[in-house]
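Colleague: Could you walk me through this model at the level of single residues? I'd like to go by question and answer.

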Amino acid sequence: GSSLGDLFAASNRRQITIGTTLFFLQQMTGINAVVYFSSAMFVAAGVKSAVAASVAVCAMNVFGTVMAGQALDRMGRKPLLS
């Protein structure tokens, strides 16, 4: 079986570093705050249709997620982490 010590073995260091860095960057980019406050930000910026702009932000988020998923499937998960 595997132990918690195996997770931190030298042979897994690169994968753990990549995974941790991606998690950190995802949290620090603040996309959730942008989506949550987008209507208020667009109103403050003087956009006439803040709701439509917020829908556009969400649509771009979905589009980017789909494109990233397709790229990940095309390239494979293992090569990206090895």
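Colleague: Which element of the chain has the lowest mean pLDDT?

Modeller: pLDDT is the predictor's confidence in each residue, from 0 to 100. The chain averages 87, and 98% of the residues score at least 70. Where pLDDT is low, the predicted coordinates should not be read in detail. Among the elements, helix α4 (residues 50-75) has the highest mean, 92, while the lowest, 75, belongs to helix α5 (residues 77-81).

Colleague: How is S54 classed, buried or exposed?

Modeller: S54 sits in helix α4; helices here are DSSP runs (H or I, at least four residues), numbered from the N terminus. Buried means under 20% relative accessible area, exposed over 50%, and partly exposed in between (1.4 Å probe, protein chains only). S54 comes out at 9%, so the class is buried.

Colleague: What is the length of the polar contact that joins the side chains of S54 and S38?

Modeller: A polar contact is a pair of N or O atoms within 3.5 Å; within protein, one must be able to donate a hydrogen and the other to accept it, and residues adjacent in sequence count only if both atoms are side-chain atoms. S38 has 2% relative accessibility, so S38 counts as buried. S39's side chain also has a polar contact with the side chain of S54, at 2.9 Å. For S54 and S38, the value is 2.9 Å.

Colleague: How far apart in space are S39 and S49, C-alpha to C-alpha?

Modeller: S39 is partly exposed because its relative accessibility is 31%. S39 touches A50 and S54, not counting residues up to four places away in sequence. S39 and S49 are 10 residues apart in sequence, and their C-alpha distance is 8.9 Å.

Colleague: What accessible area do I31, V34, Y36, F37 and M41 have together as a nonpolar patch?

Modeller: V34 and Y36 both lie in helix α3. V34 is partly exposed because its relative accessibility is 33%, whereas Y36 reaches 65% and so counts as exposed. The five residues form a nonpolar patch on the surface, with an accessible area together of about 510 Å².

Colleague: And which residues does L72 touch, not counting those up to four places away in sequence?

Modeller: L72 is in helix α4. With 27% relative accessibility, L72 counts as partly exposed. Its contacts are R77 and L80.

Key. Residues are numbered from 1 along each chain as its sequence is written. This is a predicted model: local features need pLDDT of at least 70, side-chain atom pairs count only at pLDDT 80 or more; totals for chains, interfaces and linings use all residues. Side-chain values use heavy atoms; hydrogens and water are left out. Patches are made of residues with over 30% relative accessible area and no salt bridge: like charges are joined within 9 Å, nonpolar side chains (Val, Leu, Ile, Met, Phe, Trp, Tyr) within 5 Å. Accessible areas come from the Shrake-Rupley method with a 1.4 Å probe; for residues, only the protein chains shown count as cover. A salt bridge is a side-chain nitrogen of Lys or Arg within 4 Å of a carboxyl oxygen of Asp or Glu. Helices (H or I, at least four residues) and strands (E, at least two) are DSSP runs, numbered from the N terminus. Contact means heavy atoms within 4.5 Å.
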